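Please keep the sequence and the structure in view while reading.

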Amino acid sequence: MPGPTGRVLTLLELLQSGGTRTVAELADRLGVDGRTVRRYVDQLIDLDVPVESMRGRYGGYRLAPGYRLPPLMLSDDEALAVLLGLVAGRRAGLTTTQHTANETASAKIRRVLPKHIARRLDALLESLAFTEQPGESDTPDAGVLLTLADAVRHRRPVSIRYTDRDGRRSERTLHAYGVVTHSSRWYVTGRDARIGEDRTFRLDRITDARTLPGSFEAPAGPGPAQRVLSGFATAEYQHEVTLRIHGTAEQIRARLPASVASLEEHEPATGEDRATERWLRVELRAERLDWLPPVLASLDLPFVIERPDELRDLVIGLADRLASYARQA
């Protein structure tokens, strides 16, 4: 059973986890009576820890909002969760341009871990394997990321300086709907006020972001993540591809996700049964076509190529090669 000092530190840890804690709840967690809880709270206040007393039916104690507590106290499970989150974030490319921030944060936590937890964590990290390579994409500036997030939350216009994939620089006013991560990259999606159309921008290509006066209303409809995926599927590329595939949306999405292709119902011809003729029209854009024939083959579904003819030739070529391989003894 911990002594009074240990229980005071436990009380601080409970309050630090957030929200208002009732006297009864704190007494139960600490194994003391309500009067002792109040005495422990007085000790924290004497140490300049801003504990607030909340009156009313659901009253109790809480820490003053915005107060930064030195030191930060984490339980064993919480410390493990934070460190694993840092590892996963680094692997997924979800970090900022301050590449050392992830490592220094990990190091600070590891220095204060109890030895038995540190040993168990080392054992876990040594035995942990990943099926994918770490994200190698460029990462956004922390200031840009936080400015955009604040603009999204408060529906404020933001001015950004952007460099596109061809190296062209521009300054835009954006009504940002949301920040999205996809395939190890950060994106912001919103309405470009100058052209009046929705656009998606990579955060690592934004060199500056400034919040502007005013506000805007977020549109109804798809959320930010769906808008980003739809933007990928309709982006301008060298080839425009249109297919009809006989199958369900789930079957097609297994090989052609929303970030690659758009789907819509294909109206059956006169006399055809809609229930049996389950054709979907698939549209996508691509810089190259050579990856599509293997994808269509892996679907193992009937399909019709509407355009381009070049894709039809590539599919026929793949089919001929597979047939020749299969005939070899």
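Two strands are said to pair if DSSP finds at least two bridges between them. Helices (H or I, at least four residues) and strands (E, at least two) are DSSP runs, numbered from the N terminus. The model is predicted, so local features need pLDDT of at least 70 and side-chain atom pairs count only at pLDDT 80 or more, while totals for chains, interfaces and linings use all residues. Residues are numbered from 1 along each chain as its sequence is written, and side-chain values use heavy atoms, with hydrogens and water left out.

**Overall composition**

- The protein contains 11 helices and 11 strands.
- Of its 329 residues, 32% are buried; buried means under 20% relative accessible area, exposed means over 50%, and partly exposed lies in between (1.4 Å probe, protein chains only).
- Among contacts (heavy atoms within 4.5 Å) between residues at least 6 apart in sequence, 61% join residues at least 24 apart.

**The sheet of 5 strands**

- An open sheet is formed by 5 strands in the order β6-β5-β4-β3-β7, with antiparallel pairing.
- Its edges are β6 (197-202) and β7 (206-211); each has a single partner strand, so one side of each is left without a neighbour in the sheet.
- Neighbouring strands of this sheet are turned by 45° against each other on average, direction ignored; axes are lines fitted to C-alpha atoms, for helices over the stretch in contact, and angles run from 0 to 180 degrees between N-to-C directions.
- Helix α7 (residues 142-154) packs on this sheet and touches β3, β4 (169-182), β5 (185-192) and β7, its direction making about 40° with that of β7.
- The antiparallel pair β3 and β7 is joined over 5 bridges, and Arg161 has Asp208 in β7 as its bridge partner.
- Between β3 and β4, which also pair in the antiparallel sense, there are 6 bridges; here the bridge partner of Thr163 is Arg169 in β4.
- β3 and β4 form a hairpin with 5 residues between them, and Gly167 in the turn has a positive phi of about 85°.
- The antiparallel pairing of β4 with β5 extends over 8 bridges, and Ala176 stands opposite Gly190 in β5.

**Ser159 within β3**

- Ser159 belongs to strand β3 (residues 158-163).
- Is Ser159 buried or exposed? Ser159 is buried, its relative accessible area being 5%.
- The side chains of Ser159 and Glu171 are joined by a polar contact of 3.1 Å. A polar contact is a pair of N or O atoms within 3.5 Å; within protein, one must be able to donate a hydrogen and the other to accept it, and residues adjacent in sequence count only if both atoms are side-chain atoms.
- Leaving aside residues up to four places away in sequence, Ser159 touches Glu171, Arg172, Asp208, Ala209, Arg210 and Leu212.

**The sheet of 4 strands**

- A second open sheet has 4 strands in the order β9-β10-β8-β11, again with antiparallel pairing.
- The edge strands are β9 (261-265) and β11, each of which pairs on one side only.
- On average, neighbouring strands of this sheet are turned by 25° against each other, direction ignored.
- β8 and β11 run antiparallel and are joined by 4 bridges, with Ile245 standing opposite Phe303 in β11.
- Helix α10 lies across β8, β10 (279-286) and β11, running at about 10° to β8.
- Helix α11 lies across β8 and β11, at about 140° to β11.

**Helix α11**

- At 1.5 Å a residue, the 19 residues of α11 (residues 309-327) should span 27 Å, and the end C-alpha atoms are 27 Å apart, which agrees; the expected span of a helix is 1.5 Å times one less than its number of residues.
- Which residues of α11 are buried? The buried residues of α11 are Leu311, Val315 and Leu318.
- These residues cover an arc of only 65° around the axis, which puts them on the same side of α11; the arc is that of the directions from the helix axis to the C-beta atoms.
- Among the elements covering the buried residues of α11 are β8 (239-246), α10 (292-299) and β11 (303-307).
- Asp309, Asp313 and Arg327 are exposed on the face of α11 turned away from its buried side.
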